[in-house]
Amino acid sequence: MGLREDTLAILHYENYKRMPVVHFGYWTETIEKWHLEGHIKDSEAIDVYDNSPNEEIISERLGFDFNWNTLFAGNYGLMPQFEKKLLEKLPNGQEKWVDENGAVILIKPGVVSIPSEVGHLLEDRESWETHYKHRLMMDSSRFDIAYLEQFKTTEGRSKPTGIHCGSLYGNIRNYLGIEGACYLQADDEDLFDEIINTNAQMQYDLVEAILKTGAKPDYAHFWEDICFKNGPLISPSVFAKKVGPWYRKFSNLLNSYGIDIISLDCDGCIDSLVPIWLENGVNTMFPIEVGTWNASIEPWRKQYGKDLLGVGGMNKTVFARDYKAIDDEVERLKRLVELGGYIPCPDHRIAPDAIWENVQYYCEIMRKTFG
């Protein structure tokens, strides 16, 4: 039994040989810091992204088994994207850019943070029809048949590999902005529905086309990021009504291909959206950010039972502290692992305050603790 088989066994409440030590990648600044400290060679500090050769080298040196974000996919976004360009340099040192989604953003060179959005090209039906609708149409050029050949067999597959199913609302949040999406629901509900349905239909058609090539994923995965520390950026009732049915349609398609682990990446406090996802076939929460709200799979399991699975929930802030903090965190994880259907993973990408030796120690202790 290898890593792939162990992972799938855990998420099906079956016997397994050992718990894999899983991660979710690194901040670019983390790689830069570790490179300056001498832990990473010059040749290894470039092109470090999910499942790239250099990421795998670094992860193996730290002691991780694999990145949960091991996926194959098509192009689920705007096609073509907008040209990213500088619009203006401001007196305070900030720069105003238009990004690939048509959002106008403010950034300050040298400062690492999420950019402030100060405007959006998508505002109304005219801008939708002129600039966006044609960019969200299904086209065979959205996926590469030759690339997908390697995924047509699971024989020899050493780690679980998923199919990325896109984003049913997170992308729309990016196109409209948070305020724009809220206002549009009231100002032009028909347009709001059309944007959701056009985006979802294209992604559904793309997933179906990929599966029809014979590519065999071990699980499916969505990205959303539509919550913050106090809850979702969309009303749960609106989300359930307008987006929930699309998740059900996707899960029915995936189930028909034998895919019964459907994972979803959403940051923030997701508690009020969990039942909507679960009712519509999305059963694996990730990365379960501990955050200031102390997220954990435990209360969800008590509320929703064994149908709800999880990957994540390890408080990555201990990487900046000491071995004692790591020991305490792994001890806390024991109770969660005993619930079954759960794999610990740092609760997002490993941040620049992480100490290299602490991450190595975590991997070592995880392996010793969980076998």
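This is a predicted model: local features need pLDDT of at least 70, side-chain atom pairs count only at pLDDT 80 or more; totals for chains, interfaces and linings use all residues.
Residues are numbered from 1 along each chain as its sequence is written. Local features here need pLDDT of at least 70 and side-chain atom pairs count only at pLDDT 80 or more, while totals for chains, interfaces and linings use all residues, and side-chain values use heavy atoms, with hydrogens and water left out.

Across the whole structure, a search finds 17 aromatic pairs, where rings of Phe, Tyr and Trp (its six-membered ring) pair if their centres lie within 6.5 Å, planes under 30 degrees apart being stacked, over 60 edge-to-face and the rest tilted.

Select W68 and Y219 to begin: their ring centres are 4.3 Å apart and their planes at 20 degrees, so the pair is stacked. W68 lies in the loop between β2 (66–67) and β3 (71–72) and Y219 in strand β9 (residues 219–223), so this pair ties together parts 151 residues apart in sequence; strands (E, at least two residues) and helices (H or I, at least four) are DSSP runs, numbered from the N terminus. W68 is buried at 1% relative accessibility, a term that means under 20% relative accessible area (1.4 Å probe, protein chains only).

Next, select F222 and F250, an edge-to-face pair with 5.4 Å centre to centre and 75 degrees between the planes, which links strand β9 to helix α10 (residues 244–256).

Finally, select R349, whose charged end sits over the ring of F24, 4.3 Å from its centre (CZ of Arg or NZ of Lys within 6 Å of the ring centre and within 35 degrees of the ring normal), and then K84, whose charged end sits over the ring of W97 at 5.8 Å from its centre.

Notes: Buried means under 20% relative accessible area, exposed over 50%, partly exposed in between (1.4 Å probe, protein chains only).
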